[in-house]
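Reader: I'm new to reading structures, could you go through this one with me? I'd like to start with the ligand and then move on to something else.

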Amino acid sequence: MRQVLVIHGPNLNLLGTREPEIYGGATLEEINRELQEAAGKYGVSVRIIQSNHEGVLLDAIHQAGESVDFIIINPGAFTHYSIAIHDALKAVNIPAIEVHLSNIYRREEFRRHSVVAPAVLGQITGLGKEGYLLALEAAARYLGKKVHDA
Ligand code: DQA
């Protein structure tokens, strides 16, 4: 079965209570549950991690090089300055989609640039938690899996 790694970056563990008017009311656990349910539908296996530490995210990307077919990543604030995450994604050369709950292009100036974006296939931004589910569907389709109706 194809393996998809979902990586949630810093502060995303606080979803549900963190600025819900911007990030929505769903908790990370709820989002992860929906991703696992969708994974069953798409016939892929999903592993999910969250960390507030850049090095932990880097290690997860490096280890993915051995077993993972696709990465879905919300790098949180690291989006805007972590050249290291950009470099790690390039180094492992695993197809990836960058997801943001909020539309980073409608927000403060400092959020309008992603240093990660040039290292991924594409970006889904501003669609709330649906963005993760759309990214998983895109990943499954990219990996050539047949998408079954629920
Ligand atoms: C975010 C957007 C980032 O600018 C912010 O630092 C986050 C969340 C999003 O999902 O909208 O932590 O990645």
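Reader: What lies 2.6 Å from an oxygen atom of the ligand?
Author: In this predicted model, a polar atom in the side chain of Ser102 lies 2.6 Å from a ligand oxygen atom.

Reader: And how much of the ligand's accessible area does the protein cover?
Author: On its own the ligand has 320 Å² of accessible area, and the protein covers 99% of that. The space that the ligand takes is also the largest cavity.

Reader: How far is the side chain of Asn74 from a ligand oxygen?
Author: An N or O atom in the side chain of Asn74 is 2.8 Å from an oxygen atom of the ligand, and for the side chain of Arg18 the corresponding distance is 3.0 Å.

Reader: New topic: how many aromatic pairs are there?
Author: The structure holds two, and one of them joins Phe70 and Tyr142 in an edge-to-face arrangement, with 5.4 Å from centre to centre and 70° between the planes.

Reader: Why does that pair tie together parts that are apart in sequence?
Author: Phe70 belongs to strand β3 (residues 70-74) and Tyr142 to helix α5 (residues 130-142), so the pair links parts that are 72 residues apart in sequence.

Key: Residues numbered from 1 in each chain as written. Predicted model: local features only at pLDDT ≥ 70, side-chain atom pairs only at ≥ 80, totals over all residues. Heavy atoms only, no water. Polar contact = N/O pair within 3.5 Å; in protein donor to acceptor, adjacent residues only side chain to side chain. Areas by Shrake-Rupley, 256 points an atom, 1.4 Å probe, with all protein chains shown as cover. 1 Å grid on protein atoms, 1.4 Å probe; cavity = no way out; pocket = protein on both sides within 12 Å on 5 of 7 lines; lining within 4 Å. Sits in = over half its atoms within 2 Å of the grid points. Phe/Tyr/Trp six-rings, centres within 6.5 Å; stacked < 30°, edge-to-face > 60°. Helix = DSSP H or I, 4+ residues; strand = E, 2+ residues; numbered from the N terminus.
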